[in-house]
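Me: I would like to go through this model with you. Shall we begin with the terms for accessibility and then turn to the contacts?

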4 protein chains.
Amino acid sequence: MKSVIGKNITLALYGESHGDAIGIVVDGLPAGIKINTDFIARQLDMRKPKGKISTQRREGDQFTITSGVFNGYTCGTPLHITIPNTAHKSADYQPNLPRPSHADYAAHIKYNGFEDYRGGGHFSGRLTAPIVAAGAIAIDILKNKGITIGTHIKKCQHITDRDFENCAVDIALCNSKYFATLDETVGKQMQQHIETVGADCDSVGGVLETCVLGMPAGVGEPYFNSVESVLSQYLFSIGGIKGVQFGKGFGFADCLGSEANDAFEMCGDKVITKTNHNGGINGGITNGMPLVFRVAVKPTPSIFRQQDTVDLAAMENAKLTITGRHDPAIFHRARVVVDSLTALALLDMLVQHFGERWLCG
Amino acid sequence: MKSVIGKNITLALYGESHGDAIGIVVDGLPAGIKINTDFIARQLDMRKPKGKISTQRREGDQFTITSGVFNGYTCGTPLHITIPNTAHKSADYQPNLPRPSHADYAAHIKYNGFEDYRGGGHFSGRLTAPIVAAGAIAIDILKNKGITIGTHIKKCQHITDRDFENCAVDIALCNSKYFATLDETVGKQMQQHIETVGADCDSVGGVLETCVLGMPAGVGEPYFNSVESVLSQYLFSIGGIKGVQFGKGFGFADCLGSEANDAFEMCGDKVITKTNHNGGINGGITNGMPLVFRVAVKPTPSIFRQQDTVDLAAMENAKLTITGRHDPAIFHRARVVVDSLTALALLDMLVQHFGERWLCG
Amino acid sequence: MKSVIGKNITLALYGESHGDAIGIVVDGLPAGIKINTDFIARQLDMRKPKGKISTQRREGDQFTITSGVFNGYTCGTPLHITIPNTAHKSADYQPNLPRPSHADYAAHIKYNGFEDYRGGGHFSGRLTAPIVAAGAIAIDILKNKGITIGTHIKKCQHITDRDFENCAVDIALCNSKYFATLDETVGKQMQQHIETVGADCDSVGGVLETCVLGMPAGVGEPYFNSVESVLSQYLFSIGGIKGVQFGKGFGFADCLGSEANDAFEMCGDKVITKTNHNGGINGGITNGMPLVFRVAVKPTPSIFRQQDTVDLAAMENAKLTITGRHDPAIFHRARVVVDSLTALALLDMLVQHFGERWLCG
Amino acid sequence: MKSVIGKNITLALYGESHGDAIGIVVDGLPAGIKINTDFIARQLDMRKPKGKISTQRREGDQFTITSGVFNGYTCGTPLHITIPNTAHKSADYQPNLPRPSHADYAAHIKYNGFEDYRGGGHFSGRLTAPIVAAGAIAIDILKNKGITIGTHIKKCQHITDRDFENCAVDIALCNSKYFATLDETVGKQMQQHIETVGADCDSVGGVLETCVLGMPAGVGEPYFNSVESVLSQYLFSIGGIKGVQFGKGFGFADCLGSEANDAFEMCGDKVITKTNHNGGINGGITNGMPLVFRVAVKPTPSIFRQQDTVDLAAMENAKLTITGRHDPAIFHRARVVVDSLTALALLDMLVQHFGERWLCG
């Protein structure tokens with residue numbers, strides 16, 4: 001189990017940046033789910049680099065579903081999505097000069113020099129395309145069960161977006177935008193900032209914030225399969241994510257218990273909490289409030305400035321100037337990947353709780 | 001797989017706070033490892049509540065290893081550790097009034113009212129005792145392979161400890177203390193603060209920082225089983241941990257790529273990085289630098305002030321004043337649990353890479 | 001995952017024959033299931049050696065459930081059953097002389113000489129006691145869902161029992177007996193034969209046949225998690241089982257397709273098959289007919305005759321005469337273990353299909 | 001985990017008989033293994049229908065490896081093999097008339113009528129093609145570690161082949177033949193018999209026997225992951241296999257312990273057994289002797305005679321005459337699938353024991 005995850009809905013991811021094709025097998029989707037290929041295409045489009053704030057490598061991302069769908073519905077057996085690689089330029093990569101903060105050196109050691117170094121190989125951000133395709137199916141299933149997911153760019157250096165307020169409206173707002181901020185002006189400032197940083201041959205990091213509305217209470221497990229444990233395992237599989245926090249997260253360290261606790265109250269015949277500092281999770285289990293969590297995305301390590309590195313053939317210090325096509329920021333594109341992995345993780349937990357039949361009920 | 005985790009070294013945790021016994025099965029330890037029962041006892045002692053800054057429930061934590069050890073060495077078959085519960089007072093708990101920010105309500109929904117509500121049942125912090133016992137074995141094995149782990153209290157509200165500097169020395173320093181700060185004065189300030197807060201019937205959160213020295217490069221996997229994914233799954237299983245970040249973590253959002261990248265350089269015949277902003281992990285795989293990560297611990301939800309809640313029998317708003325014995329802070333006790341889960345997670349990944357024979361080599 | 005199995009209902013087995021205690025953690029049972037401790041005790045009694053046809057080691061098998069049960073019902077968290085060892089006599093075992101066809105030698109190599117050799121250690125048939133205790137809970141749950149399981153001794157050397165005829169009646173008949181044959185006279189002949197063989201310091205093997213009535217159609221998976229794949233993984237975990245076959249099994253090799261196929265027909269508004277040569281499974285999935293399968297149990301390897309072996313210390317040929325207390329046959333005791341593992345395997349597959357809530361519905 | 005298996009070397013199988021493509025992801029192969037595409041092609045050729053004894057559907061089985069291989073060697077990341085379907089004729093299948101002893105009816109219930117019924121969909125024997133391609137890689141790796149696998153047709157109705165005698169020679173003999181009997185004359189008799197049966201619109205079953213030479217002692221686990229448990233899980237995933245036995249298997253029921261036990265003796269400085277009734281496995285763990293096991297293959301359920309079935313739309317009795325292209329026997333083609341799954345299962349267990357580095361050592 002390396003590039004495989006999921007107990008009930010199992011994903012097997014494959015591919016390298018400059019290989020023939022990348023893809024994913026999704027095993028465990030019950031039969032009878034209508035597949036919305038337009039939505040898959042739309043989500044892939046949301047992940048694509050666009051404008052000056054992204055890499056100039058532009059892939060068509062023409063996905064094909066080669067199995068698991070019959071007459072437009074899942075037939076209960078593994079669904080396989082494949083996407084060809086077409087626009088790669090392998091000449092841009094130097095195998096002996098590991099790029100700082102990329103996987104190159106760690107992969108070189110792990111794979112004894114047999115790694116496919118071209119474009120980062122399996123570690124390439126391109127591998128998030130099949131994840132987004134699979135995630136689109138999961139998002140669609142959850143939507144039919146009344147569960148919606150939205151992610152916005154909470155922060156890019158000194159520029160910060162407002163918090164979620166009206167969850168339903170704000171989730172819809174996130175999902176309507178390519179560069180997803182809740183405040184439109186903030187979004188323009190961030191994009192301008194990314195352009196400026198990119199023009200300076202540099203890159204920039206950020207924080208994404210996700211809200212999930214409609215999760216029933218009682219899903220998840222104590223300890224090792226807590227909602228936090230499972231979601232973080234999925235989320236940390238995105239290259240560049242270096243932090244995950246739920247509710248107030250690291251902000252809890254500044255709190256007293258009397259400030260941090262979420263008091264219960266009745267809302268009609270429903271139990272809710274007056275605040276949601278815990279992000280909808282108590283003891284590893286959903287409590288019926290919206291899930292709220294944030295992830296930290298580090299600046300893209302590919303920058304166009306000369307950097308210090310080592311020559312792995314000569315085993316001596318060296319200089320590296322990265323060429324090729326790279327993103328000055330990736331968090332705006334990572335946003336849809338976060339939604340996808342969130343949906344896939346929640347789907348697995350929901351099936352555990354309600355059984356696979358529930359999904360198509 | 002609910003209270004079970006681990007692919008090569010599998011843990012199965014059981015027990016409730018007020019049941020007869022709690023325990024853990026550790027399956028997958030290779031034969032021939034000397035079991036240091038003194039060290040297990042010492043680690044359990046480090047987890048125990050002490051002084052005024054902890055709960056007054058004082059358990060002996062007399063552990064028994066009933067299988068898997070023969071003549072003082074692991075015999076290769078599952079090791080079972082059991083710890084009796086002796087000091088519980090069930091009368092302190094009211095099943096119909098869920099404590100805010102505790103698992104009570106979520107568990108009530110999940111388990112349809114059949115949950116063992118006494119002392120939080122399976123969700124009790126007491127369950128970390130068998131984790132610490134199992135973790136002590138893992139820590140000991142890693143130590144024999146040159147891998148050491150230390151965790152200090154980085155932050156308690158406004159009071160902050162210094163960062164790790166000389167890792168080897170600082171790890172030893174952490175492990176020598178019950179209240180583990182690197183700066184002794186800071187530690188006293190924090191303890192005083194906890195006492196003050198506790199005296200005010202309140203509780204307080206904090207941040208722990210962990211350093212792992214000696215991890216070989218090349219361990220971990222891309223994507224779903226990245227070191228970050230696996231460690232976070234283990235770490236988020238601790239009740240009260242609501243954030244995990246690696247290296248600069250959320251601080252990356254304030255950085256440019258040129259500030260965040262860790263340049264490589266030769267150090268003798270070894271490749272190192274000049275900085276360690278990535279906390280020893282690139283692309284989900286160790287790069288040979290120290291692992292550094294932080295976890296956010298929320299304030300103990302059990303506070304002695306009247307709180308708003310609901311009555312689950314009457315389904316109406318209610319007031320709750322918690323009685324019994326509770327901790328005004330738990331991060332100083334959680335520290336050894338973090339070390340334990342870290343060791344167990346790393347052990348699993350190391351066995352994956354090197355094979356089980358390596359452990360006893 | 002060594003002595004751990006199960007995706008939804010996970011078992012972690014531990015213990016050695018001459019250790020303090022043996023036990024099992026059952027993780028994944030949903031909350032709200034009434035635990036019938038009398039039935040657990042009865043099933044353990046069915047596994048116990050009795051009379052002259054069994055070992056004279058007589059253990060009380062006093063089980064304790066230390067967690068997972070609250071007020072007589074499962075509370076949704078891991079259930080732990082422990083059974084003390086009381087009647088062991090370690091002096092009977094010689095570590096350097098591996099007993100032919102026992103695990104001794106293979107374990108010695110696997111565990112590098114650190115194995116607990118006393119009484120076969122973890123490999124002892126005693127470890128089936130916790131399996132039977134866990135299985136009793138599973139059998140009870142299935143019974144409440146209309147699914148019943150029965151196993152009889154189909155064959156002991158030249159003596160054969162009749163096949164299942166009226167499944168419901170015959171399953172009840174099996175479960176009412178300690179020495180379970182459908183034909184009472186055949187049962188007496190077999191017991192007499194075992195006594196005779198035992199008196200001759202020898203042992204004897206047999207075939208068990210199991211019938212499961214009431215399994216709904218549509219449970220199981222194609223390929224790697226077919227009902228046959230999952231059941232055989234559970235069944236082959238019993239020491240001494242060396243063959244598993246479904247329906248006609250090896251008898252299919254003597255058949256033409258026209259003789260082997262199970263034609264469909266309507267029975268009221270239900271689809272059934274006219275014959276059941278496939279033992280209730282097509283394509284790895286239940287078809288609604290009774291599950292029927294057989295397991296081959298080898299003769300107990302512990303016989304009281306002098307045997308050739310090697311001395312693992314001197315690495316030279318040696319003679320061994322086994323002393324102590326051993327069974328001249330085990331299949332009559334293994335029968336209840338087969339039922340238990342069958343129930344646990346089916347439970348896991350049923351939860352996968354219907355969800356955990358179904359169990360307590 | 002449905003069409004997914006394997007802990008260290010994980011397989012994810014996908015595809016339907018009449019879909020665009022079938023394939024498999026193999027996750028966990030270490031980097032640096034030379035991929036022998038000629039051998040993969042040769043093994044696929046061994047699985048292909050040939051002559052009058054097989055179906056007339058003739059697929060090219062042109063496989064493509066789209067990831068995981070770089071410059072002819074595994075690069076450590078998931079290997080994906082895809083094979084297009086080209087020669088399907090969907091018109092031959094009637095969705096409402098389930099074929100007796102096929103998966104049709106069970107799949108119809110499981111998948112609520114959404115199953116891809118064309119050519120058996122995911123249940124088709126065609127899915128064994130990617131298994132054979134993946135297995136070829138595993139067989140090749142094992143060969144480089146001195147472990148060889150061979151399977152012959154032990155029995156086809158009344159015609160029986162001789163047993164393995166000189167394992168090394170006989171394994172080579174099996175692998176040199178398309179219709180693998182050890183005795184050439186017996187092979188011709190069987191082929192003649194299959195032709196005769198096929199001409200009579202019928203089909204025939206058989207028994208395959210496998211020998212694995214070179215397995216080191218000490219591999220496998222007690223209980224749930226015994227070599228028997230793991231191998232049988234893999235082997236029973238082949239459609240049509242209804243029995244698996246190790247060593248004497250069901251023949252043990254006719255034995256006394258004194259006849260069945262395998263006495264140890266020294267052979268130079270190596271411990272061997274004088275006989276191998278246990279098929280190389282004691283207590284679930286290899287003992288260093290050749291692994292020997294048999295599988296029962298039922299007659300192909302597709303026969304060209306009119307059969308009784310039901311109409312699932314009308315829910316009434318019906319008659320079915322199967323048309324299209326089918327095999328009068330499949331065991332001679334299943335032989336290479338058995339070798340493939342055996343290699344994949346053993347590889348997983350060996351990596352568990354020796355670590356992934358061992359494979360490329």
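Reply: Buried means under 20% relative accessible area, exposed means over 50%, and partly exposed lies in between. Please note that this is a predicted model.

Me: Which class does D308(D) fall into, then, buried or partly exposed?

Reply: D308(D) has 23% relative accessibility, so it counts as partly exposed.

Me: What does its side chain meet in a salt bridge?

Reply: The side chain of D308(D) forms a salt bridge with that of K274(C), at 2.6 Å from N to O. This pair crosses between chains: D308(D) lies in strand 17 of chain D, and K274(C) in the loop between strand 13 and strand 14 of chain C. K274(C) counts as partly exposed, at 42% relative accessibility.

Me: Changing topic: in what order do the five strands of the open sheet in chain B run?

Reply: The order is 1-2-3-7-4, with antiparallel pairing. Strand 1 and strand 4 of chain B are the edge strands, each pairing on one side only.

Me: How many bridges join strand 2 to strand 3 of chain B?

Reply: Five bridges join these antiparallel strands. A12(B) has V25(B), in strand 3, as its bridge partner.

Terms used
Residues numbered from 1 in each chain as written. Chains lettered and ligands numbered in written order. Predicted model: local features only at pLDDT ≥ 70, side-chain atom pairs only at ≥ 80, totals over all residues. Heavy atoms only, no water. Pairing = 2+ DSSP bridges. Helix = DSSP H or I, 4+ residues; strand = E, 2+ residues; numbered from the N terminus. Salt bridge = Lys/Arg side-chain N within 4 Å of Asp/Glu carboxyl O. Buried < 20%, exposed > 50% of the residue type's maximum accessible area, 1.4 Å probe, protein only.
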